[in-house]
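Come and read along as I look things up.

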Amino acid sequence: MEKVKKTVFSGIQPTGTITLGNYLGALRNWIPLQDEYDCIYCIVDLHSITIRQEPAQLRKNAMSLLALYLASGISPEKSTVFVQSHVPAHAELAWVLDTMCYIGELNRMTQFKDKSAKHADNLNMGLMNYPVLMAADILLYGTDLVPIGKDQTQHLELARNLAERFNNRYSPTFVVPEGFIPKLGAKIMSLQNPLAKMSKSDENVNGFISMLDDDETIRRKLRRAVTDSGMEVRFAEDKPAISNLLTIYSLCSGVSVADAEKQFDGLGYGVFKDAVADAVISALAPIRQRQAELLEDKQYLTDILRQGAERAESIASKTVAKVYRKIGFLPRG
Ligand code: AQP
């Protein structure tokens, strides 16, 4: 039967407080999709333990991330919001897909290479298998569209390949998903190194703006942001730091990059950085306040997660049952 609405799936890891990069590259773009699609937004905690996490902090991060989803505009009435570990089908399908994914494919993943270098003391199999679990997340729900930042394109390609491989080996089962990558903001860079992605696990806290940074901290980090040689506020390949700040400014203020270049023509970096800080503060402060209010009512948040998990599980468990049948596992009877 044809679906009435297409399905969107995306998730963020509760590895810390999410950054302005996660927000502009992913979360913010999820909001308008809710009116047109059946959206499933997950807190991907199974992914997060590929890096060592402190248990109490992980629990706190997951709740905080849920409140940030809601404060940013995710509606639990319109969308399914849940925690990945509450739905066992994610781990079950990941195992099946693991047996269909070649080690060479995972070895080539740039995120695996980057994270292995960063966490050489904890080179675990989960870190390598991360993209297979991500494929399971997406394929369980018949997902048509996956809104992601640019860093996830290689992983999405693997999900597409695994879907096609399974469909060809058995029979059509999985929808082959498309990525949805924003034209602007798909890769927000570190404020301290404009050649590296802004990451919530960056050891240099001045490299990222956290969604929960207060106004003063946001301003201080932006004032300290590295700049390029020269004084012009121009979007150009040879100006990666200023281009990154222009991207942030444009997305937070609604002014186009071209208009922003004109607006700051001849004014210098100092004035520009202060304006970027004003724009970021205006975008984040209301979300931060709303998030704090939401965290006051833990019961409300827990109820959302329970209902979300029930909805997600009813779809995901059917997919796993279908997959098990197709690969030849005996029915339980
Ligand atoms: N800098 C970024 N610019 C644009 N989009 C980004 N995303 C991440 N960083 C940027 C997008 O955010 C979504 C969720 O990411 P994630 O938390 O699942 O994992 P990640 O990509 O590994 O993000 P981080 O912040 O770099 O986390 P850590 O430091 O824990 O590894 C994804 O859609 C991602 O593309």
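Below are my notes, from the whole chain down to single residues.

**Ground rules.** I am working with a predicted model, in which local features need pLDDT of at least 70, side-chain atom pairs count only at pLDDT 80 or more, and totals for chains, interfaces and linings use all residues. Residues are numbered from 1 along each chain as its sequence is written, and side-chain values use heavy atoms, with hydrogens and water left out.

**Whole chain.** I looked up the secondary structure and found 13 helices and five strands. These are DSSP runs numbered from the N terminus, with helices being H or I of at least four residues and strands E of at least two. The C-alpha trace spans about 75 × 45 × 40 Å along its principal axes. I then checked the radius of gyration, taken over C-alpha atoms, against the globule rule of 2.2 Å times the number of residues to the power 0.38. For 333 residues a compact globule would come out near 20 Å, and the chain has 21 Å, which agrees. Of the 333 residues, 54% count as buried. Buried means under 20% relative accessible area, exposed over 50%, and partly exposed in between, with a 1.4 Å probe and protein chains only.

**Domains.** The assignment gives domain 1 (7-186 + 298-327) and domain 2 (205-292); such bounds come from an automatic or database domain assignment. Their centres, taken over C-alpha atoms, are separated by 29 Å. I found 14 residues of domain 1 in contact with 16 residues of domain 2, where contact means heavy atoms within 4.5 Å.

**Cores.** Which residues touch the most other members of the largest nonpolar core? They are L20, L66, Y69, L222, I248, F272 and V280, out of 62 residues in that core. A nonpolar core here is a set of buried Ala, Val, Leu, Ile, Met, Phe, Trp, Tyr and Cys residues joined through side-chain atoms within 4.5 Å. Helix α12 (residues 268-295) gives the most to this core, with 11 residues. Domain 1 and domain 2 both supply residues to this core, so it lies between them. I also noted a second, separate core of 43 residues, with M100, Y130, L162 and F166 among them.

**Rings.** I counted 10 aromatic pairs. Rings of Phe, Tyr and Trp (its six-membered ring) pair if their centres lie within 6.5 Å, and planes under 30 degrees apart count as stacked, over 60 as edge-to-face and the rest as tilted. W30 and Y41 are stacked, at 4.4 Å centre to centre with 10° between the planes. W30 sits in helix α1 (residues 20-33) and Y41 in strand β2 (residues 38-43), so this pair ties together parts 11 residues apart in sequence. Both W30 and Y41 are buried.

**Two residues up close.** F9 is in strand β1 (residues 7-12) and is buried, with a relative accessible area of 3%. Ring pairs link F9 with F82 and Y141 into a cluster. Leaving out residues up to four places away in sequence, F9 also touches others, including I40, C42 and H90. Is N29 buried or exposed? N29, found in helix α1, is buried, at 15% relative accessible area.
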